Amino acid sequence: ILGEVGKPGTYTLKGDSGGTAGRVTPPTLTEAIKIAGGSTASADLSRIKVRRNTRTGPGQTVPINLLNLLKAGDFGQDIILQDGDTILLPTANEINSTNSTLVAASNLGPQAISPPKVVVVGEVNRPGTYTVTGAGNTTNNNTQLTGTVALPTVTNAIQAAAGIKPTADIRQIQLIRTTRTGEQKIALNLFKLLQQGDTSQDIILQEGDRIYIPIAQNPSAQDVDLVASSTFSPATIKINVIGEAAGGAAGTAREVPSNT
């Protein structure tokens, strides 16, 4: 089994002996994916290929769409495997947040869920490398859930980096992801999340992701207010008060809520 799985390699599969009358159920495609550590967040389960040897002539390639299994219960996609089969899970050409969440919530997703280490740079208050978790961000309604596990998303990474700066352009965020076939650049628009509730913009992260937040060009006052009231804005900002100010000495630094 090759491609976008946790542990590519060669495996010996055993059938399930729990069938009726002691019958052994042959191993299937989904069992192979689970044994290989599950599919990665970059896998395209709609374009799986199973290459099969034949006794006469060239080998056979069987196209499989496991998204149909997850969405519509099409068990015909979960084919029975034969000795010598080669399974290829390709890299998705585009990341579909809805499909990623569906796969992550199934038993075909990553079998070992650990907080990914990602890089956040650009217009955030503390650029750097962070191990991002989805758990604990109780004020973030966009956290994706898999059973009882909260999966980390882009907004969780921004929160870990102490929130965005007022100069951030959240319409032009870029996520760079390393897949088994090379780098993939994903354009994100978090304004769609704030204005339309489009959670597909807040995609699930994987190990090694890099997030870049550019500077906004001529942001409007309405844009600044909307961003300041979001959960990925810093809770407080530090300002300096100078001159004849009551309640403190001139030049004293104060922390105030960022949305005031």
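Helices (H or I, at least four residues) and strands (E, at least two) are taken here as DSSP runs, numbered from the N terminus. The place of K192 is accordingly in helix α5, which spans residues 190–196. This is a predicted model, in which local features need pLDDT of at least 70 and side-chain atom pairs count only at pLDDT 80 or more, while totals for chains, interfaces and linings use all residues. Residues are numbered from 1 along each chain as its sequence is written, and side-chain values use heavy atoms, with hydrogens and water left out.

**Overall make-up**

The protein has 6 helices and 13 strands. Of its 260 residues, 42% are buried, where buried means under 20% relative accessible area, exposed over 50%, and partly exposed in between (1.4 Å probe, protein chains only). Among contacts (heavy atoms within 4.5 Å) with a separation of 6 or more, 64% are between residues 24 or more positions apart.

**Strand pairing**

Two strands are said to pair if DSSP finds at least two bridges between them.

| Strands | Sense | Bridges | Residues standing opposite |
|---|---|---|---|
| β5 (residues 117–122) and β11 | parallel | 4 bridges | G122 and I213 |
| β9 and β11 | antiparallel | 3 bridges | Q174 and Y212 |
| β2 (residues 48–52) and β3 | antiparallel | 5 bridges | I48 and I64 |

Strand β11 (residues 210–213) has I211 and I213 on a covered face, whereas R210 and Y212 lie on an uncovered one.

**Nonpolar cores**

A nonpolar core is a set of buried Ala, Val, Leu, Ile, Met, Phe, Trp, Tyr and Cys residues joined through side-chain atoms within 4.5 Å. The largest has 26 residues, and those with the most contacts inside it are I164, I170 and I211. At least two residues of this core come from each of β5, α4 (154–160), β9, β10 (182–188), α5 and β11. A second, separate core of 21 residues includes V5, V50, L67 and I87. Leaving aside neighbours within four places in sequence, I164 is in contact with several residues, including I158, I170, I213, V227 and F232.

**Two individual residues**

T179 is found in strand β9 (residues 173–179) and is buried, because its relative accessible area is 11%. When residues up to four places away in sequence are not counted, T179 touches E4, S42, T91 and Q184. A polar atom of the T179 side chain also lies 2.7 Å from the backbone oxygen of G182.

K192, in helix α5, is partly exposed, because its relative accessible area is 34%. Not counting residues up to four places away in sequence, K192 touches G197, D198 and Q201. K192 and R171 are 21 residues apart in sequence, and their C-alpha atoms are 8.0 Å apart in space.

Key
A polar contact is a pair of N or O atoms within 3.5 Å; within protein, one must be able to donate a hydrogen and the other to accept it, and residues adjacent in sequence count only if both atoms are side-chain atoms.
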